[in-house]
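Welcome! Let us walk through this structure together, one step at a time.

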Amino acid sequence: MRAEAAQPVWRRDEVSAYYEAKTERLLQRYGPGPRVHYHSGLVDGVPPPGAPRAALRTSIHAAQEALMMELSRAVGRFPDGGDVLDVGCGLGGGALYWATEHHARVTAVTNVPSHVSLVRGFAEAAGVGARVRPMLCDALSVPGRAAFDAVVAVESACYLPRAEWFRRTRALLKPGGVVAIADCFLRRPELAAGFNRYWRTNIGSLDEYLSAAHAAGLELEVRDDVSSRVVGFWSLTLELMVHERASASAHLTQHPLRALAQAGRGESCRAHLRLQQALMDGSLEYGLLVLRRAD
């Protein structure tokens, strides 16, 4: 069944505030850097239960890097040394990946003010400060025309109004340029409200993405369903959450803010479990899309 595009559930300033508030927790879970990712990863073999916290963190980072490698493979001949726009760059892990592994000049766009200086610092620490330019900007307002060889959106397109974003993206691409997307796609429309509510997104179906892309002059080249390889990633994060909750409980007092934080971790575990189950039963698809500017 085709899911029609829903109106955004969250205003952009609300999404920005959400990630601003989560920054320290994200750094604690996915840091210390310099290549800090906070998106899904690809796992082909999950360690047995009981892995120590440090080993889980190492496996999670490796899985996230594997997603970058797979997205690069999907693109085919990635524009080494080219100009790349990283949309919703987070803490810059992807931007640093493209700059380091593909010698790209990366414009890393975020709508979270504190992340600009963090990305800049991580880029300097990784030795690619001259090739990574963080920018505080809405994805729909990136300046320029025919400026990029590739536009990359890792778990950020789900926040954007697709039709408008694809039109703007096509204008930003050089002739023959590509859009590379890694994201969740909706297969059961009834899941949209709960997914959007927790993750602050505007999730859409694959049909909705492809229809909007085609209307904007972007043609599908690659579609890879990697859902089965993402399922194991959520097993790793759920086990890491067990460690985090145990550590928090050891320091828990009756302070109401700490109790609230503990309740939030419980909600997070439930959301992660629901996402993993939806990937397993086919309610959601985690896919890689490569779209090329049609000239």
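Are Tyr97 and Trp98 buried or exposed? Both Tyr97 and Trp98 are buried, where buried means under 20% relative accessible area, exposed over 50% and partly exposed in between, with a 1.4 Å probe and protein chains only. Before going on, please note that this is a predicted model, in which local features need pLDDT of at least 70, side-chain atom pairs count only at pLDDT 80 or more, and totals for chains, interfaces and linings use all residues. Residues are numbered from 1 along each chain as its sequence is written, and side-chain values use heavy atoms, with hydrogens and water left out.

Now to the rings. Searching the whole structure gives twelve aromatic pairs. Rings of Phe, Tyr and Trp (its six-membered ring) pair if their centres lie within 6.5 Å; planes under 30 degrees apart count as stacked, over 60 as edge-to-face and the rest as tilted. Tyr97 and Trp98 have ring centres 5.1 Å apart and planes at 85 degrees, so this pair is edge-to-face. Phe195 and Trp199 make a tilted pair, with 6.3 Å centre to centre and 40 degrees between the planes.

Phe195 and Trp199 both belong to helix H6, four residues apart, about one turn of the helix; helices (H or I, at least four residues) are DSSP runs, numbered from the N terminus. Phe195 counts as buried because its relative accessibility is 13%, and Trp199 is buried at 15%. Together with Tyr198, Phe233 and Trp234, these two form one aromatic cluster.

Just after H6 comes Arg200, with a positive phi of about 65 degrees.

Methods
Helix = DSSP H or I, 4+ residues; strand = E, 2+ residues; numbered from the N terminus.
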